[in-house]
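Hello,

Here is the structure I said I would pass on. Please open it beside this email and find each residue as it comes up.

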Amino acid sequence: MGKKSFFREREIAKIKSLKRNRAYNQRNLIDIISGLDPNEEALEIRTMIIPGRFYRNAKDNREVSRKCLKHGDLIALTHPKTKTECRNCPEIPLQIRSRDFSLLQKMKEQDINFVGYSVQSSWGDRIKRVFPFVFIPEGIRIFTYSENDTRGIEIEIYQDARKVATEGASVVVEIPSRTEKEKRYKFRLVNVPILRNAENLATVLTLRPAVLQDEETGEPLKSRTLHETYNIRYTSEEDIEKSNVINFYPHDIAAYMKIAGSEWKAHNLTPMTFNPFALPSKQAAKFYVKLGNNVLIYDSTLKRKDKLRKLHLAEKSILLARAIGKFGHNDFAFWDPERDGKLRDYDWSISENKKAEN
């Protein structure tokens, strides 16, 4: 089954029919992409975006991209390393990201190869949390669709009075699929900061999604996409990093924003204040739409005669990181309601899109 029309992007043939320019090196790609007329122009990239080390022993560029998304460079956020330091820290996640993302502006565009950012606490499960850049705008796209074209994301917050202050709340969520005729996803977000206190920063650093089980059969409910189910991370024996990481996917981000928005309406700003996701500005959303609808890349491993394809997730992530370096955190990786309007009002459409299905 195909994607719902809200999420459909231009096919390769459609992009090829636009007025097309070519880029033979990685310099100034961000300016070129940003300057494209979304209805008239396209860019054909004829250089590699992914670092050369990922091509070693790979059978094709799809494998290269998968390896890069799983093992690529991450910006390790410089958050407090202990619970005590978190309690005494005056910073919120937004301030930490703003400081750490500033390193991108000091780098040459073509040298930026980060696919996301990460956090890792020294308490709780101690598992690294990874936030791929490409999944954050996609999560907001799902949020926009859910708010405007469906009955919305359904949430049910469980607050254990004994634990919510120190561990946050557990929230069951139901989210629409991007695929036609597919059932909704149902899962939990655990350790959501709800009650304002000194533990909020420590709590959100251990945020995680969790699979629900059917109460009668004990079987896991449909809660993750196929990409998430099969995105098994392998590391070599000499790799000192553990294979076990928690990746945040688009549905996780959409769910968190529904929770934060619901609490905001109830005059509780805690989930939004301690939001761990680098929300896209309206400018970033437009850039993301162009990556999916106006950009092709040359791939010599393809069987297609023209050797052209759309960007892979890792390539999009790297280009989004470079855009943060070009435009800065505040203009690109920060949602300002006064400047950008409501997230639910973001325009993710292209001219070929029809009204989305419910």
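**A buried asparagine, then the rest**

N191 lies in strand β8, which covers residues 185–192. The model is a predicted one, so please read every value below as computed from it.

N191 has a relative accessible area of 13%. Buried means under 20%, so N191 counts as buried. Its side chain reaches the backbone oxygen of T206 at 2.9 Å. Leaving aside neighbours within four places in sequence, N191 is in contact with E167, G168, A169, T203, V204, T206 and L207.

Now the chain as a whole. The protein chain has 358 residues, and 52% of them count as buried. Its secondary structure comes to 15 helices and 12 strands. Among contacts with a separation of 6 or more, 68% are between residues 24 or more positions apart. The chain exposes about 17,600 Å², of which carbon and sulfur atoms supply 48%.

The largest nonpolar core has 92 residues. Within that core, F101, Y117, F133, Y256 and F277 have the most contacts. There is also a second, separate core of six residues, including I15, A42, L296 and L308.

Next, look at F131 in strand β5. At 3% relative accessibility, F131 is buried. F131 and G116 are 15 residues apart in sequence, yet their C-alpha atoms are 5.4 Å apart in space. Not counting residues up to four places away in sequence, F131 touches V115, G116, Y117, S118, V119, F248, P276 and F277. Two of these, Y117 and F277, were named above among the residues with the most contacts inside the largest core.

How many disulfides does a search of the whole structure find? It finds zero. C86 and C89 show why: the cysteine sulfur closest to that of C86 is in C89, at 6.8 Å, which is too far for a bond. Seen from C89, the closest cysteine sulfur is the one in C86, again at 6.8 Å. A disulfide would need the two sulfur atoms within 2.5 Å. C86 is buried, with a relative accessible area of 2%.

N28 has a phi near 65°. N28 is found in the loop between β1 (19–23) and α2 (29–34), and at 46% relative accessibility it counts as partly exposed. R126 has a phi of about 60°. R126 is placed in the loop between β4 (114–119) and β5 (128–132), and its relative accessible area of 49% makes it partly exposed.

Regards

How values were computed
Residues are numbered from 1 along each chain as its sequence is written. This is a predicted model: local features need pLDDT of at least 70, side-chain atom pairs count only at pLDDT 80 or more; totals for chains, interfaces and linings use all residues. Side-chain values use heavy atoms; hydrogens and water are left out. Helices (H or I, at least four residues) and strands (E, at least two) are DSSP runs, numbered from the N terminus. Buried means under 20% relative accessible area, exposed over 50%, partly exposed in between (1.4 Å probe, protein chains only). Contact means heavy atoms within 4.5 Å. Accessible areas come from the Shrake-Rupley method with a 1.4 Å probe; for residues, only the protein chains shown count as cover. A polar contact is a pair of N or O atoms within 3.5 Å; within protein, one must be able to donate a hydrogen and the other to accept it, and residues adjacent in sequence count only if both atoms are side-chain atoms. A nonpolar core is a set of buried Ala, Val, Leu, Ile, Met, Phe, Trp, Tyr and Cys residues joined through side-chain atoms within 4.5 Å.
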